[in-house]
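Thank you all for making time this morning.

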Amino acid sequence: MDIESVLSELTIEEKIALVSGHNFMNTNAVPRLKIPPVKMSDGPHGLRVQKSGGDNGVTGSEPATAFPTAATTANGWNEDKLYKMGVAIATESLHYGVDVVLGPGVCIKRNPLCGRNFEYFSEDPYLSAKLGAAEVNGLQSKNVGVSVKHFALNNAENYRFMGNSVCDERAAREIYLKAFEMIIKESNPHTVMCAYNKANGEYCSENGWLLTDVLRKKWEYNGLVMSDWGATHDRVKGVKNGLDLEMPGDTPACRKWIKDAVENGELSMGELDKAVKNVLTLANRYENNVKGQEIDWEEHHSLVAEIAEDCAVLLKNDGTLPLNPNEKLLIVGDLFDKMRYQGSGSSMINPARLTTPKDAFDNAKVDYVFCRGYAENSLTPDEEFISQAVEKAKKFDKIVVFAGLTDYVESEGCDRESMRLPENQLAVINALIKTGKKIVVVLFGGSSIELPFENGVNAILDMYLPGQNGGTATFNLLFGKKSPCGKLAETWVEKYEDVPFGSEFSKSENEIYKESVFVGYRYYLTVNKPVRYPFGYGLSYTTFDYSDVNVIENEKGYSLKCTIKNTGDFDGAEIVQAYVCAPKDVFRPIKELKGFKKVYLKKGESKTVDIFIAKEDLRYYNVKEKRWVLSDGEYRFEICSDANTVKLEEIITVQGEKAEKPYSERVSAVYGKAEFDKLTDDVYEEMSNLKIPPVHKIKPITVESRFTDLKATFLGKILYNAILSVAKKDLKKAKKMPDGAERDNKIKGAIFLKRILESNSLISMSMSAGEKFPYNFAKGFAHLSNGKIFKGIKCFCSKIKAPLIPTKGDK
């Protein structure tokens, strides 16, 4: 396609259509000029391709391989596995004719209660970037595009559609934007997806600092920027500030706003053409892709197990694991058969095949007796289930309990209420501990969990969300066919109260990032706070020895070399982690991850590990001078087995550069040691150069209001209940279905719909529903909720006159 030539032939209506999506998962085609549509699909760890007439949920999508989620793959610290997964997802994309996969998600895990943490890699930007880049490289190696998301500061779910992330520039650049920056520079992703929320008061979909100043100018990104589904607010401002494509599109109001703005001079044709050109470039990328390719589904199923085995984390083991295959076991817990293997929400996949732990145990003819202990689809303890488990335990020496976070407590669309396991699971575990028998707990879930029972059990194996073949991986790890070798990509605290500013998290639309750069282990290590399991922690069935550290400097950075030896009785793998402790000329975390290497060793084998750390990665962002600065002084390079455990170290003097001090003595006194009990709002405002915004008033209702705000008025409550009745009817209908997977999926789908509706805003509903709920309806709802009945009726009756789109029969 000659893009400049095509651009010159397009009409204004065709240009407007091209910067808008169509049919939920496509861009608009222009048949007259043979411009094809771009087809997209969720998600980061497998495809959710909707069948014709599908319900936009898991039951209406084509079969695809459900790979382990990002929360799981991050624990593998293995770029090669992420690359292989990316290639496999790309192959399935070509099979279904998908051009762009919506992922990976590389937002930082700021707080363990974020409901979408399962879809993100880590609390650390370096680890997130390296793994995200590997997945991008795998997908794009077969010319299938990605959309790296959600750009940016999207770290909570309860208020994601209207939330305002208030974050100082240094924390933004060093922590929350860093993974995006590294992936863009290393992998050049075809697209980037902006987030729903505001960043420092301005919606990401129209945020000029994010989309133009940082992304385009500083990082020199030349790909396409699209909105998240329904994230558009001011479409004209979005085009001017760098949002190329509005998704899912089919919104008459946006097309009208652009047409009017071009005609009245508010938007220049050059500004519109810039966005159009990026859409044309994207469509042109996939013109020669061969679609309908055959898939080796069994190979992909095996790959799921291979990755899951590499990522599972052994949290505790007193020697009870691995299990003896000849020993009879008591198995307790619904998740043995109803394994939770993927997250809940837009990334839910219809698995091409499913192997649960029960399937794997049965295939291997393991001798066991099963009892439920709890119901997966409930939170309330069942005394009969618990009594049955305790009674059966009398006849066994070892009990394996399958537990974890279910879709009912962890999901996209809302944040978790606590870090606890469901109460019914805790009740049965505590009851079994009292029997005095040996207990192994196998966990599933997308985030960290409080473990008050840890001292009472013998072993804990965390599978996270292992994908559709997680059952095979679980069996192989429990019985020693594979040695666990994953390490945590997030800190596990002892209790939620230890999380900085945890009591303020996701309580209102203003999310204030008061901790600045002290996120995750950066905080806990700096303040010397004990945690349950540190960042980078994980046990193995074997042991490793570290020796012979050597640091070699060259012009670009430092090569850290050491020898790792497998000194145990099993083949295994160790993740060697390199941290740097920098001079404290500005406030900094006590140490930060700057490199890692996973090394596989047969028992008795040794290997030399070489980790390179670039000098530019040692810099901090100076907010006074608006640039990255390398500090002068001594740097301690640490080789660690986890963030808390130093194995080897070397001190290197680095010749840096002089820079103006970015902070006052008052700010440095508080943030220098992360003494947040001394932090006041005015100190935070001085540090960040931002004002903490006032809490939004619920009334009057606007199109930007959270949907639950409608309940504050008489008519609004009626409208709220009318719309929520859709999800309630779906839930009621699902509960009448016979027991089985289809019933469970329908129930979870209805609950997810309810959560999404409650956390939505009228404008986001309008921008994601197209002509089913146009913008004039959103305005009408707001007027009616405020008691302005005639204004509301007038809006409902005022049809938006938008330019036609160039496909037959659509407007």
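This is a predicted model: local features need pLDDT of at least 70, side-chain atom pairs count only at pLDDT 80 or more; totals for chains, interfaces and linings use all residues.

Let me begin at the start of helix 8, where a side-chain oxygen of asparagine 207 comes to within 3.2 Å of the backbone nitrogen of tryptophan 209. That is a polar contact, meaning a pair of N or O atoms within 3.5 Å, where within protein one atom must be able to donate a hydrogen and the other to accept it, and where residues adjacent in sequence count only if both atoms are side-chain atoms. Helices (H or I, at least four residues) and strands (E, at least two) are DSSP runs, numbered from the N terminus.

Residues are numbered from 1 along each chain as its sequence is written, and side-chain values use heavy atoms, with hydrogens and water left out.

Returning to helix 8, which covers residues 208-218, its buried residues are Gly208, Leu210, Leu211, Val214, Leu215 and Arg216; buried means under 20% relative accessible area, exposed over 50%, and partly exposed in between, with a 1.4 Å probe and protein chains only. After the helix comes glutamate 220, whose phi is positive, near 60°.

Which residues have the most contacts inside the largest nonpolar core? They are Phe151, Leu315, Phe361, Phe402, Leu443, Leu478 and Tyr671, in a core of 168 residues. Helix 5 (residues 125-140) supplies the largest share of this core, eight residues. A second, separate core has 40 residues, among them Ile16, Val19, Met25 and Tyr203. By a nonpolar core I mean a set of buried Ala, Val, Leu, Ile, Met, Phe, Trp, Tyr and Cys residues joined through side-chain atoms within 4.5 Å.

On to the aromatic pairs, where rings of Phe, Tyr and Trp (its six-membered ring) pair if their centres lie within 6.5 Å, with planes under 30 degrees apart counted as stacked, over 60 as edge-to-face and the rest as tilted. By this rule the count is 39 aromatic pairs. The rings of phenylalanine 151 and phenylalanine 180 have centres 5.0 Å apart and planes at 65°, so this pair is edge-to-face. Since phenylalanine 151 lies in strand 6 (residues 145-151) and phenylalanine 180 in helix 7 (residues 178-187), the pair ties together parts that are 29 residues apart in sequence. Both phenylalanine 151 and phenylalanine 180 are buried. The rings of phenylalanine 336 and phenylalanine 402 also have centres 5.0 Å apart, but their planes are at 50°, so that pair is tilted.

Strand 6 also holds histidine 150, which counts as buried at 0% relative accessibility. Its side chain makes polar contacts with the side chains of arginine 116, at 3.5 Å, and tyrosine 120, at 2.8 Å.

What about strand 22? Ten of the ten residues of strand 22 (residues 572-581) are buried, so the strand is largely enclosed by the rest of the structure. Strand 22 runs antiparallel to strand 23 (residues 592-601), with nine bridges joining them, and antiparallel to strand 27 (residues 633-642), with five bridges; two strands pair if DSSP finds at least two bridges between them. Alanine 578 has glycine 595 of strand 23 as its bridge partner, and cysteine 581 has arginine 636 of strand 27.

I will finish with serine 764, found in helix 22 (residues 762-769) and buried, with a relative accessible area of 1%. A polar atom of the serine 764 side chain lies 3.3 Å from the backbone oxygen of glycine 230, and a polar contact of 3.1 Å joins the side chains of serine 764 and serine 761. Serine 764 and tryptophan 229 are 535 residues apart in sequence, yet 8.2 Å apart in space, C-alpha to C-alpha.
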